[in-house]
Each structure stands twice: as C-alpha cells, then as structure tokens.
Amino acid sequence: FIQGNMEQAAVVFAVDGTVAVYPYNSYNDPRIVEGKNVIYTMFPSIQTYAHDSFGKGANVMVAKSETAGADHLYFRNACGYLVIKLYGADTAVKSIVLSSRSGLERISGSAYVSVDQSKDPEVTMTNFATTTITLDCSNGGEGVQLGVDKKHATEFWFALPPVRFEEGLTIVVTDMRDRSYVKSTAKPVTVTRNNVQPMAAQ
C-alpha cells in the first residue's frame, strides 16, 4: 500500500458497500459489470513531476468496505510505477512524453477498475483510452535540473495502469530551451500493479 500525496478527497459511493476512488474527478461512476463492483474513472494523461515519487493525483487507488456507510476504507493501488533516469550537464527538463513504440498500449484516459475488499484491483482500459502520458516538469518555470552523470541521474516517475509494452517504449524529452530529444528501447517493458519498474539511466 502506497499512500502517495492524497490531498484530494476520495469520492464515496454506496454500491454493495461503501466504495471509494482517489483522486476524485467528475467522471467517477460506480457500476456493476459482469457481477463485479467497478469504478469508471480516468487515469491522468498529464502528471506532475515530484522528487523521487509520482505526482499528486497521478496514483489511482480504490477501496471498498464490507457494509454501506462504513467509515473505514483500505485503499489499494491500481497503478504500477515506471521510473525513467536521465542525466546531462546543464540541462533542465520541461516535459517528458511517454508512449509505446507500437502505439497500441493504452496508458491514460478512461478505465474500469474493479473494487473488492479482499482482492487486488484489476484495470481494464476502455477503447477511448489514449496511448501517451505527459509528465509536466516545468516546476514554476525553473524546470527539473538533470544530474550531471549516470551515477547522479535524476528520476522521473510515471504512475501507469498495469501494462506490457510489447515493442518497447519511447520518451520525448523537452528542455527549458524547448529543445527536444527522443530516447527509446525496443525491448519489452512490463509494469505491474504496486511495483516499481526502473529503467537504466540514459
């Protein structure tokens, strides 16, 4: 269980017990699908950089109580975490856009997340979900300064639904001078729920 930055209140519903999701957004909708409690929600397509962690509102979590009206909820993460490590002298990053090389893996946008008190959440991305995530690193106009070498590489965290990038992934890094750099790997990359998947420093 990773709490993260829970500054936005979870929204609570009564569907066969009390069901909740974090972060709150206007799309949240509890439903019964194929006999399961699920919440229709959104995985953010824009996340905000945070030092050595995922940003506020990026980490989707769900919870369910035994009975309606219960006030004790145990939140479980629906996300896994991909950590990109970058370094470069005199470089401040403005944004990083993450996508799969195949363009097929859906990693942001609308999804159904199963909610069960005794089971881990399962995520099903909808056909309307999208294939990219942007990490906003503008940091009030200062950007995020990269470490100068591999040993001191700066970490950038993405909170993702569980996904396997079959043909690898691509990132487009834009610095504060609006210069862009493309980096990619052709090897499969798997992100699993509640686990951190680090990438080699580049």
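**View 1. The cavity of the predicted model.** On a 1 Å grid over the protein atoms alone, a cavity is a set of points where a 1.4 Å probe fits but cannot get out. Grid points are joined across faces, edges and corners, and a volume is the space filled by probe spheres set on the points. By this rule there is one cavity of 30 Å³ or more. The largest cavity holds about 50 Å³ of space. This is a predicted model: local features need pLDDT of at least 70, side-chain atom pairs count only at pLDDT 80 or more, and totals for chains, interfaces and linings use all residues. Residues are numbered from 1 along each chain as its sequence is written, and side-chain values use heavy atoms, without hydrogens or water.

**View 2. The lining of the largest cavity.** Lining residues have an atom within 4 Å of a point. Among them are Val62, Tyr74, Arg76, Asp116 and Pro121. Five lining residues are nonpolar, one is polar and four are charged. Here Ala, Val, Leu, Ile, Met, Phe, Trp, Tyr, Cys and Pro count as nonpolar, Asp, Glu, Lys and Arg as charged, and the others, Gly among them, as polar. Strand E6 (residues 61–64) gives the largest share, three residues. Strands (E, at least two residues) are DSSP runs, numbered from the N terminus.

**View 3. An open sheet of three strands.** The order is E14-E8-E19, with mixed pairing. Two strands pair if DSSP finds at least two bridges between them. Strands E14 (154–160) and E19 (196–198) stand at the edges, each with a single partner strand, so one side of each has no neighbour in the sheet.

**View 4. Where E8 meets E19.** Strand E8 (residues 80–86) and E19 run parallel, joined by three bridges. Val83 stands opposite Pro198 in E19.

Technical notes:
1 Å grid on protein atoms, 1.4 Å probe; cavity = no way out; pocket = protein on both sides within 12 Å on 5 of 7 lines; lining within 4 Å. Helix = DSSP H or I, 4+ residues; strand = E, 2+ residues; numbered from the N terminus.
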